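Visitor: I would like to learn how to read this model. Please show it to me, and we can go through the features one by one.

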Amino acid sequence: MRAAAARCIVLLAVLAAACSKPVDLKQTLTVADVSAGYFDAGIVDGRNKLVPSVTLKLRKSIDDDLRPLALNVAFKRLAGEGGAEEDFDESFIQGVTFNGNETAPITVRPKAGYTGDPPQSRADMLKNRQFRDMRVHVFAKHGSAQWVEIGTIDLPRQLIVQP
């Protein structure tokens with residue numbers, strides 16, 4: 001009898017969670033306090049390395065709990081004058097938490113990047129004619145809902161030297 005009652009309680013909890021009102025993340029979340037550029041990843045295999053980097057906070061306009069919240073931060077290389085994009089790298093962040101209505105700063109740096117042979121400096125790498133600019137698309141997902149794009153950031157050609 002107790003086992004049946006326990007199963008009923010669990011079933012009711014699952015149904016209540018499934019019936020919670022859907023949240024429009026595009027309207028609810030804002031990407032804020034963005035800092036972006038190219039992080040000096042040091043010397044790798046004898047070559048200077050720069051990786052794209054973005055630091056941001058998320059702000060929410062509601063007091064509702066948004067757990068579980070996941071992010072997909074997709075780095076795209078810009079190709080040509082028309083603004084066409086090529087896949088570069090992406091990072092997934094699970095369990096994004098809020099302190100009140102905003103997150104702590106979230107820094108995302110893919111492992112892939114640009115390398116340059118010495119004596120080319122990191123600043124010279126950013127000026128190189130073969131260097132391609134990056135755009136970052138930030139997607140969010142709450143629970144079992146679909147991914148929703150909540151922000152786009154064009155990375156400026158600036159060096160970030162602090163971790």
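Visitor: Which residues form one aromatic cluster?

Guide: Start with the rule. Rings of Phe, Tyr and Trp (its six-membered ring) pair if their centres lie within 6.5 Å; planes under 30 degrees apart are stacked, over 60 edge-to-face, and the rest tilted. Here Y38, F88, Y114 and F131 make up one cluster. This is a predicted model: local features need pLDDT of at least 70, side-chain atom pairs count only at pLDDT 80 or more, and totals for chains, interfaces and linings use all residues. Residues are numbered from 1 along each chain as its sequence is written, and side-chain values use heavy atoms, with hydrogens and water left out.

Visitor: How many aromatic pairs does the structure hold?

Guide: It holds five. A pair of aromatic rings is described by the distance of the centres and the angle of the planes. Y38 and F131 are edge-to-face, at 5.0 Å centre to centre with 75 degrees between the planes. That pair links distant parts of the chain, 93 residues apart: Y38 is in strand β1 (residues 29-44), F131 in the loop between α3 (122-127) and β7. Helices (H or I, at least four residues) and strands (E, at least two) are DSSP runs, numbered from the N terminus.

Visitor: Is F131 buried or exposed?

Guide: Buried means under 20% relative accessible area, exposed over 50%, partly exposed in between (1.4 Å probe, protein chains only). F131 has 8% relative accessibility, so it counts as buried. Y38 is buried too, at 0%. F131 also pairs with Y114: tilted, 4.5 Å centre to centre, 40 degrees between the planes. Y114 lies in strand β6 (residues 114-116), so this pair ties together parts 17 residues apart in sequence. Y114 is buried at 12%.

Visitor: In what order do the four strands of the open sheet run?

Guide: Two strands pair if DSSP finds at least two bridges between them. The order is β4-β3-β7-β8, with antiparallel pairing. β4 (84-93) and β8 (148-154) are the edge strands, each pairing on one side only. Strand β7 (residues 134-142) meets β8 over six bridges. Along that pairing, V136 stands opposite I153 in β8.

Visitor: Where is S144 found?

Guide: S144 is in the loop between β7 and β8. At 74% relative accessibility, S144 counts as exposed.
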